[in-house]
Amino acid sequence: MKKTNFYKQICIIILTLSTILTGCTKSNDVKSSKLSNEITITLDTIPSYSGNPYIVINNNKPYFSNDEITDQSFEFYSDLDSLGRCQYSVASIGQDLMPKEKRGSIGQVKPSGWNTVKYDTVDGKYLYNRCHLIGYQLTAENANTKNLITGTRYLNIEGMLPFENMVADYVKETNYHVMYRVTPIFKDDELVARGVLMEGYSVEDQGEGIEFCIYAYNVQPNVNIDYKTGKSSSQSSSTATNETKEETYILNTNTKKFHKSSCSSVKEIDNQNKKEFHGSRKDLIKENYKPCNKCKP
Ligand SMILES: [Zn+2]
């Protein structure tokens, strides 16, 4: 895997994953905790995103130490750091923690780097979701600011949801517990996480049913994200693949603009100036056509 200079420069991130809670109740009362596990993960050991929503870490073995694995349900959400960023959330998920009510509103929470914007290329349009570290279906947390990060739709649906669903199904079927920890991974003082480390381990059957350790990328195909601020932009349309990919465009031969066929401006083009074109952007630009500002073809 070729790493960019950028990734080489990424500082070492030390994740101190430390918790074991005894007698922690549903109301998140922390009665005792101790440092039980220390993990060092360097972002530069994680390959840059190359089309898979997540990759396996540590041969798919979670980093839970023996003494923090428990068949007693608990959940713990770390305090935000000085930049207002979520840290890890960890739970031993049992049926007793799972929701009995419909999910409530979380729209009032503004996680670090929250910068909402819509793109046509994103499923559901919104780039960012308020992304639960531990999914609502697992521990019934609604608007818990310690458990919601600024995550792309892609991270939420393609990266994290398959693992949440797997754990939820397993706990419902077996009535066993699953140790589950999600750690957002930030670079330096950036406000948007680069990704999340997700670990799962089924307790009563010693990992036979559930065992995973993965890193899911907080990326969105076709969108550039400034992780420092959460600002974003449509990925440069000058990338080679977009330039040469054959598409159907609608041309306005009068204004020399070209549109996606779905663009609302298309129906305003006079029929005599309207022309359908199948080919690449590159060919159109060669013929002095300019992309429409609205549909950004
Ligand atoms: Zn257009």
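Modeller: The expected span of a helix is 1.5 Å times one less than its number of residues. Helices here are DSSP runs of H or I with at least four residues, strands are runs of E with at least two, and both are numbered from the N terminus. This is a predicted model, in which local features need pLDDT of at least 70, side-chain atom pairs count only at pLDDT 80 or more, and totals for chains, interfaces and linings use all residues. Residues are numbered from 1 along each chain as its sequence is written.

The protein chain has 5 helices and 16 strands, and the helix I take is α3, residues 153–174. With 22 residues, α3 should span 32 Å, and its end C-alpha atoms lie 30 Å apart, which agrees. Even so, α3 bends by about 50 degrees at Met160, the bend being the angle between axes fitted to the seven residues ending there and the seven starting there.

An α-helix has 3.6 residues a turn, so residues three or four places apart point the same way. Over the protein chain, buried residues make up 34% of the 297 residues. Just after α3, Asn175 takes a positive phi of about 60 degrees.

Definitions and conventions. A residue is buried if 20 or more other C-beta atoms lie within 10 Å of its own, exposed if 12 or fewer, and partly exposed in between; C-beta atoms are placed from the backbone.
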